[in-house]
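Here are a few notes from going through this one. Have the structure open while you read, and check each point against it.

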Amino acid sequence: MANAPAHAGGPGLVKLLAQRQSVVIGLAILFVLGAAAILAPVVAPADPNKLAIASRLTPPGWAHLFGTDEYGRDIFSRVIFAGRVSLTVGLCVAAFSTVAGVFFGLMGGFFRRLDAPVSRVVDAMMAFPDILLAIALVAALGGSVLNVIIALSVVYTPRVARVARASTLVIRELTYVEAARALGVSTWRILANHVLRNIVSPLIVQATFTFAYAMLAEAGLSFLGVGVDPSTPTWGTMINEGRKYVSSAGWMILFPGIAITLCVLALQIVGDGLRDALDPNLSKEL
Amino acid sequence: MARYVAKRVLGMIVVMFIVLTTVFIIVRLAPGDPASLMLGPEATPADVVALRARMGLDQPVVVQYFSFLGQIATGNLGQSIFFNQPVTQVIAARAEPTVLLTLFSIVIAVAIALPVGILSAYTRGSLFDQGSLSTAMLAASVPSFWLGLIFQQYLATGAGWFPVSGFGSPSATFFERVHFIILPSIVLGIVNSALIIRFSRAAMLDVLNDDFVRTARAKGMSEWRVVIRHALKSALIPIVTVVGLTFALLISGAIVTERVFNLPGLGSLVVGAVLRRDYPVIQGVLVVIAGLYVLINFLIDMLYLAIDPRVKY
């Protein structure tokens, strides 16, 4: 039996994305930030935690590209190392919430009896502002990178589930799903081979945006001092530490803020590009 | 229509029930005994037992759950351990800065987004359109607390146009307090205008190609009248929806922005409660804010009936 029609993917998708200058720039930014985070011990010019009180609050210059903080630590190195935590949190939250959200979305969208309960739970979870729910969950679970990932995954799963459910509702009614049913294909096979394969496009787009939102939320939690352990450098904790020195050493908040903004902007550009490439109808509108 | 309203009210009750259950579970996820955690290591066993009894923690979980639901139904959100006051009173005392910040931010976000979105759609593909979409994307990428710190430095500390932080003295008049809210509202308004710009542009694009707009133009109506009186009126539903959804984003933004500007609102209350392990307060703030969100979205649904004659249930 013929498989369901597939959307643009593989080499075709790469070609479509490569045609958009903004997407190429977005991907390049992500590549540079990702590579710097992975290769942090090699790329960073100094130990991010090395104290050098004699050179505290040194402005940006050749010795310290982004300057130093109140303990004389090299901000450039700290921004690179902080990227490891922030990007890991964003990536893991995007992955976990996509897997869980797809499961609940498929269940709600495909099985009519499960639709109402899944939808009501999704509605209820979305009534909590993301930071507030994350704060409460981290308060209950304790502040650590893993718990921030768990908390933010719980926060973003309903958002993915809503997208997955809406897409499944459309696919469920299509002729090839009906044909598969008539041929006696098992429900789970239909879900995996026919439904899931055809809702991948909106899910990839949603995962990209979830990555971006999770990074912003993690930064917010760290800024509030209720996220990861304050001794772990993240872009949010760096801004929190620098807020006392905004007047005298503005560079302490400037560079981590630029890093978050660049990363989130790049993800949004790539997300938009993916949506344009994968769903040309929607791209005309937004 | 009455049937639709009744169905929506029932749906709202079910959602609130799940919200309350979620809050109950979250608060009880915390490892260890909440009473011991709240009282600290120096508390005597007798103190812990007394607090456990006061909080109802000596009861089975099922009893605690139904007693929690019963309390909420009667408007009782429990007693704050730190403030030693009813949570409703603690929340009411801290609500004003958050409410003002949220309202002013929404007004500023809409005041920026609506004209930009309409003009963007009207001049689709122009330099203005591309510029506004790019700016909107940038605004949505900036952490509100970072933008807040920069604005605070340049517009308050530097230029002296706004108070640097706080909410004024307790005897300050309403207008004096509003003065403290304007800068944080501008920050949140800018960050949150991005989503509204994109949706209002999309909604206007949809409508500007409709037959009734073409007919209005053919009748010789002025462009202003066509766009504002006809097109915008029809595009209002998705715009109102997204303004409603922005409420949750604004509350999240308000929680972190309050810290930047030292506003004594619900954000600083909940962060303080987390650090002090004052669980009844965390629970209360979650219930009130999620409840408000559910209520606002219900009211928006009802608003559809009023603003679009095509919507009939």
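1. One cut-off first: a residue counts as buried when its relative accessible area is under 20%. Keep in mind, too, that this is a predicted model.

2. With that cut-off, take T98(A), which sits in helix α4 of chain A. Its relative accessibility is 16%, so T98(A) goes down as buried. Setting aside residues up to four places away in sequence, T98(A) touches V93(A), V160(A) and A207(A).

3. Staying with α4(A), have a look at how this helix (residues 75-110) meets helix α9 (residues 187-195) of chain A: the two axes come within 12 Å and cross at roughly 115 degrees. The pair therefore counts as roughly perpendicular. As for handedness, α4(A) passes α9(A) in a right-handed crossing. On the α4(A) side the contact is made by L106(A), M107(A) and F110(A), while α9(A) brings T187(A), W188(A), I190(A), L191(A) and V195(A). By type, the residues of this contact split into seven nonpolar, one polar and no charged.

4. Is helix α11 (residues 235-242) of chain A enclosed or open? Eight of its eight residues are buried, so α11(A) is largely enclosed by the rest of the structure. If you want to colour them, the buried residues are W235(A), G236(A), T237(A), M238(A), I239(A), N240(A), E241(A) and G242(A). And what does the covering of those buried residues include? From chain A there are α4, α10 (200-224) and α12 (251-278), and from chain B there are α7 (144-158) and α10 (223-260).

5. That brings us to the interface between the chains. Chain B puts 49 residues into the contact and chain A puts in 46 residues. About 4,100 Å² is buried between chain B and chain A, with carbon and sulfur atoms giving 74% of that area. On the chain B side, the names to look up are F145(B), W146(B) and R259(B): they supply 15% of the area that chain B buries against chain A, more than any other three residues.

6. Last one, inside chain B: N192(B) belongs to helix α8 (residues 174-208) of that chain. Buried or exposed? At 8% relative accessibility, N192(B) counts as buried. Neighbours within four places in sequence aside, N192(B) is in contact with A109(B), T246(B), L249(B) and L250(B).

Notes: Residues are numbered from 1 along each chain as its sequence is written. Chains are lettered from A and ligands numbered from 1 in the order in which they are written. This is a predicted model: local features need pLDDT of at least 70, side-chain atom pairs count only at pLDDT 80 or more; totals for chains, interfaces and linings use all residues. Side-chain values use heavy atoms; hydrogens and water are left out. Axes are lines fitted to C-alpha atoms, for helices over the stretch in contact, and angles run from 0 to 180 degrees between N-to-C directions. Helices (H or I, at least four residues) and strands (E, at least two) are DSSP runs, numbered from the N terminus. Angles under 35 degrees count as roughly parallel, over 145 as roughly antiparallel, 65 to 115 as roughly perpendicular and the rest as oblique. A crossing is left-handed if the near helix is turned anticlockwise from the far one by less than a right angle, and right-handed if clockwise. Contact means heavy atoms within 4.5 Å. Ala, Val, Leu, Ile, Met, Phe, Trp, Tyr, Cys and Pro count as nonpolar, Asp, Glu, Lys and Arg as charged, and the others, Gly among them, as polar. Buried means under 20% relative accessible area, exposed over 50%, partly exposed in between (1.4 Å probe, protein chains only). Buried area is the accessible area (1.4 Å probe) that two parts lose on being put together, summed over both.
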